[in-house]
Amino acid sequence: MRKILLSCIGVAVIVATLFLGNTIANRKKKKKPVPEKTIKTVFTDTVKNTSIQITIPANGSLVAKRRLELFSEVQGVFVNHNKLFRAGQTYKKGEALIRINAEEYRALVQASKSNFYNALVGIMPDMKLDFPDVYSKWQAYVNQFNFKKQTPALPELTSDKEKYFITGRGILSAYYNLKTQEQRLLKYTIRAPYAGIVTEALITEGALVRNGQKLGEFIAPTLYEMEVALGKEYAEYLEIGKKVTLQNTSRTQTFTGKISRINGKVDLDTQTISAFIDVNGDGLKEGLFLEAQLQGKKEAEAIEIARNLLLEDQTIFSVKNGVLDLIKVTPVYFSDTKVVLKGVPNGTVILKQPVPGAYKGMRVKPYTIQQKTN
């Protein structure tokens, strides 16, 4: 009886094991669920080739077109006058910028003028006897001589005898020495050659000014010039007289300038060409940093897209029947954020924004207005 019971238990264990094994095997044979493929929605644009105006960005700082570095050609003490010589001080044309004490030198000039006048008066009796035909013009010159004014030009010498007589009496040498001194006396006062403003003052009243010393800088705040450096490949776009749009760094002011000069030499180190732009207007000051947009040539039958849409092998993605494809393009101009392309047929649907992980043959769904409404 015991043997029969053990046999039954063994058979039951075997049957249970087989049943459990079949159950596990059947579970393994069940197919895993296939994840549903997602189709990305992309932004697209339809190509329409047009004429693209190429603009070349550049930047630089303004420098006054008319500027004057003030240097002293004489020595003396800087004396006070109507206006203080300070940065920001404005002057009219002809107004004194700097006055240097010239009393001592002025006395020397007056002494020379007196000697010259005495020499003239001394020759008049002999001239009246020997050269009566020219006596009247020299007498008129002596009569109009004024010690408080600049020495007038000598009468014209009409004959060799007159010239020898005047030269032999030392009149010419005395005259030119006097004129030299008068010209030097004028250098004790520096006057504004045009209406402008002092941008740098290096001396103050009462200071001793030495010969050759720099005194300051003076500019006319009406016309400015900006130098920009462009790659040599853009040389063909530069043209004297061409208008240029300029903006300040905050983009709150816009100015219009024009190219006034173009350097005929390419910089050996940077391989750039310098162009100079004239600009004027309210709000401009020397040293102001501006950004320029120079107009280049127009590219016919071209499109402009974002640079990140152009792949390294000079291709872009197009969308055809919901599938991405690659088309070969010809870049003609690169800016910081854009690229101008040629060779894309009209009507071609291309990506408007880059798609992460995009590849040729990838299924996509163009974004539509209806989707936005829903």
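**Sheets and a helix pair in a predicted model**

Me: This is a predicted model. What is the strand order of the open sheet that contains β8?
Reply: The order is β8-β7-β5-β10. There are four strands, with antiparallel pairing.

Me: What makes β8 and β10 edge strands?
Reply: β8 (189-191) and β10 (208-209) each have a single partner strand, so one side of each is left without a neighbour in the sheet.

Me: How do you know that β5 and β10 pair?
Reply: Pairing needs at least two bridges. Strand β5 (residues 76-79) and β10 have two, in the antiparallel sense. In one of them, Val 77 has Leu 208 of β10 as its bridge partner.

Me: Why are α2 and α3 called roughly antiparallel?
Reply: The axes of α2 (residues 103-130) and α3 (residues 132-143) cross at roughly 155°. The cut-off is over 145 degrees. The two helices are therefore roughly antiparallel.

Me: Which residues make the contact between α2 and α3?
Reply: Phe 116, Leu 120 and Met 124 of α2 are among them, as are Trp 138 and Tyr 141 of α3. By class, the contact has 13 nonpolar, one polar and two charged residues.

Me: How do you know that β9 and β11 pair?
Reply: At least two bridges are needed. Four join β9 (residues 196-201) to β11 (residues 214-219), and the strands run antiparallel. Val 198 has Phe 218 in β11 as its bridge partner.

Me: Where do β9 and β11 stand in their sheet?
Reply: The order of this open sheet is β4-β11-β9-β6. β4 (67-71) and β6 (90-91) stand at the edges, each with a single partner strand.

Terms used: Residues are numbered from 1 along each chain as its sequence is written. This is a predicted model: local features need pLDDT of at least 70, side-chain atom pairs count only at pLDDT 80 or more; totals for chains, interfaces and linings use all residues. Side-chain values use heavy atoms; hydrogens and water are left out. Axes are lines fitted to C-alpha atoms, for helices over the stretch in contact, and angles run from 0 to 180 degrees between N-to-C directions. Angles under 35 degrees count as roughly parallel, over 145 as roughly antiparallel, 65 to 115 as roughly perpendicular and the rest as oblique. Contact means heavy atoms within 4.5 Å. Ala, Val, Leu, Ile, Met, Phe, Trp, Tyr, Cys and Pro count as nonpolar, Asp, Glu, Lys and Arg as charged, and the others, Gly among them, as polar.
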